[in-house]
Amino acid sequence: MIRALIGISAGLIAGLSSIFLGLMILMGLFPVPESVEEGSFEAMNAFISQLPDSAYIIKASTHIIASFASGLVAAIVSKPFKFQAGIIAALLIFMLVVFRD
């Protein structure tokens, strides 16, 4: 049971790491212009509306890879509970993505 919890934790760390890596790549390809101030929602909405479709494809694929990576790492680490730990970790990352964005 402890090994399953460690596997789920490792899967969540792997999933969050892949999300951060993907978002770093996204911000490197499409940086926020300096004219956008931090508290200005109107300027940020204008910037987001001008993004090309490839930015949204990169973000969606980042979240898909994160869910897969978290499930895979959780399944590898928790040997006796492979299936359950993988599904739980992937669903937790998926719920994080759905409720955050």
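1. Met95 is part of helix α4, which covers residues 82-100. In this predicted model, Met95 counts as partly exposed because its relative accessibility is 39%, between the 20% and 50% limits for that class.

2. Met95 also belongs to a nonpolar surface patch, together with Phe83, Ile87, Ile88, Leu91, Leu92, Phe94, Val98 and Phe99. The accessible area of these residues together is about 910 Å². For the protein, the accessible surface is about 6900 Å², and carbon and sulfur atoms hold 75% of it.

3. Leu5 sits in helix α1, residues 2-29. With 48% relative accessibility, Leu5 is likewise classed as partly exposed. From Leu5 to Lys82 the C-alpha distance is 11 Å, while the two are 77 residues apart in sequence.

4. The largest nonpolar core has six residues: Leu26, Phe30, Val36, Phe47, Leu51 and Ala55. Leaving aside residues up to four places away in sequence, Val36 touches Ala43, Met44 and Phe47.

5. The fold contains four helices and zero strands, in the order α-α-α-α along the sequence. Among contacts with a separation of 6 or more, 72% join residues 24 or more positions apart.

6. On overall dimensions, the C-alpha trace spans about 55 × 25 × 20 Å along its principal axes. The radius of gyration is 17 Å, whereas a compact globule of 101 residues would have a value near 13 Å. Of the 101 residues, 31% are buried.

Notes. Residues numbered from 1 in each chain as written. Predicted model: local features only at pLDDT ≥ 70, side-chain atom pairs only at ≥ 80, totals over all residues. Heavy atoms only, no water. Patch = residues over 30% accessible without salt bridge, like charges linked within 9 Å, V, L, I, M, F, W, Y side chains within 5 Å. Areas by Shrake-Rupley, 256 points an atom, 1.4 Å probe, with all protein chains shown as cover. Salt bridge = Lys/Arg side-chain N within 4 Å of Asp/Glu carboxyl O. Helix = DSSP H or I, 4+ residues; strand = E, 2+ residues; numbered from the N terminus. Buried < 20%, exposed > 50% of the residue type's maximum accessible area, 1.4 Å probe, protein only. Core = buried A, V, L, I, M, F, W, Y, C linked by side-chain atoms within 4.5 Å. Contact = heavy atoms within 4.5 Å. Rg over C-alpha atoms; globule rule 2.2 N^0.38 Å.
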